[in-house]
Amino acid sequence: MKIYTFGKKENPAVMLLPGTCCHWKSFEGVIPKLSENFYVLCVSYDGFDETEHSAFVSMQDEAEKIEDCIKENLNGEIRAVYGCSLGGTLAAMLAERGNVRIRHAVIGSSDFDTCGEILARFETKLMVKMICPLLATGRMHGILGKIMDRSMAGADGYMKNMMKMFGVGSTKMRFVTKESVANQFYSDLVTRLPYKMDTHGTKLYIFYAVKMGKKYLKRYHKYFDSPKIYKDNLRHEELLVCYPDQWMGRVSKIARSK
């Protein structure tokens, strides 16, 4: 794991956690402005950084390394953590574990999908077959590739921006191994968080993308006790990838609050 830092260390610290199989540069559209007023730490997961020879092991392993980073560099306390998709699960894990002090944790339209080990293995095999070609070549095979091409050509640019999070059209991700992809998908699917979890004083915020469906709103209420929920009539992580100024304004306001 590597941590990329931006801004002045004396400013309040904000940590950014990427989504599933995403490169840390998926945040490059918001880092410049965010780092004007905050010390920004962007996590690059094991197995997903081209400058390292590492493999993603598990969500637990990444959580422990993030905690070590906060302890070693920030005296065990950080102002805010934003988790994009899978990163939202990690943000919730960090708050629930309580090994570091997090004042604000923001969950970015995470789905918190879980299943048993057998189904998780099956789903992981399917996702590896879809995602690895995308990371290696920038497109999917067969009919999925044709569907992706049509979606990428959409007028609103949502799918094109989402694909950039995987490094498509920008960072080359062919270095990512099947092992890292499989371990990340599988570990995320079998990682179960407690309902109405104790977040040890961390204030929880949810960026609920309404177009994902009402079941996710119900799920958020099951996991968290009285979180602050922002409802946006958008798709998964659309606020971040299509409206970075609005995203930055909201995250900055949260990180400045007591």
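Arg103 and Glu77 form a salt bridge, with the closest N and O atoms 3.9 Å apart. This pair connects distant parts of the chain, with Arg103 in strand E5, residues 101–108, and Glu77 in strand E4, residues 77–84, the two being 26 residues apart. Before going on, please keep in mind that the model is predicted. The cut-off for a salt bridge is 4 Å, and the pair of Arg103 and Glu77 comes in at 3.9 Å.

How many salt bridges does a search of the whole structure find? The count is 9. In general, side chains of opposite charge can pair when their charged atoms come close.

Next is Arg97, which forms a salt bridge with Glu67 at 2.7 Å between the closest N and O atoms. Arg97 belongs to helix H3, residues 86–97, and Glu67 to helix H2, residues 59–74, so this bridge ties together parts that lie 30 residues apart in sequence. Arg97 is partly exposed, with a relative accessible area of 22%. Glu67, on the other hand, counts as buried, at 3% relative accessibility.

Now to Arg250 and Asp232. Their side chains meet in a salt bridge, 2.8 Å from N to O. Arg250 sits in helix H10, residues 244–256, while Asp232 sits in strand E7, residues 228–232, so the pair ties together parts that are 18 residues apart in sequence. Are these two residues, Arg250 and Asp232, buried or exposed? Both are buried. There is also a network: Asp46, Asp61 and Lys65 are joined into one by salt bridges that share partners.

On to the surface patches. Four lysines, Lys214, Lys218, Lys222 and Lys231, gather on the surface in a patch of positive charge. Which helix gives the most to the positive patch? That is helix H8, residues 214–223, with 3 residues. Lys218 lies in helix H8 and is exposed, with a relative accessible area of 59%. Residues in a patch need over 30% relative accessible area and no salt bridge, and Lys218 has 59%.

The other patch to mention is nonpolar. Leu119, Phe122 and Leu126 form it on the surface, and together they have about 290 Å² of accessible area. Leu126 lies in helix H4, residues 117–137. At 42% relative accessibility, Leu126 counts as partly exposed.

Last, the cysteines. How many disulfides does the structure hold? It holds 0. A disulfide needs two cysteine sulfur atoms within 2.5 Å. For Cys42, the closest cysteine sulfur is in Cys84, at 10 Å, which is too far for a bond. For Cys69, the closest cysteine sulfur is in Cys42, at 11 Å, again too far for a bond. Cys42 is buried, with a relative accessible area of 0%. Cys69 counts as buried too, at 7% relative accessibility.

To recap the charge pairs, the search finds 9 salt bridges, including Arg103 with Glu77, Arg97 with Glu67 and Arg250 with Asp232. The surface has a positive patch that includes Lys218 and a nonpolar patch that includes Leu126. The number of disulfides is 0. That is the end of my part.

Definitions and conventions: Residues numbered from 1 in each chain as written. Predicted model: local features only at pLDDT ≥ 70, side-chain atom pairs only at ≥ 80, totals over all residues. Heavy atoms only, no water. Patch = residues over 30% accessible without salt bridge, like charges linked within 9 Å, V, L, I, M, F, W, Y side chains within 5 Å. Areas by Shrake-Rupley, 256 points an atom, 1.4 Å probe, with all protein chains shown as cover. Lys, Arg positive; Asp, Glu negative; His and termini not counted. Charge placed at Lys NZ, Arg CZ, Asp CG, Glu CD. Helix = DSSP H or I, 4+ residues; strand = E, 2+ residues; numbered from the N terminus. Buried < 20%, exposed > 50% of the residue type's maximum accessible area, 1.4 Å probe, protein only.
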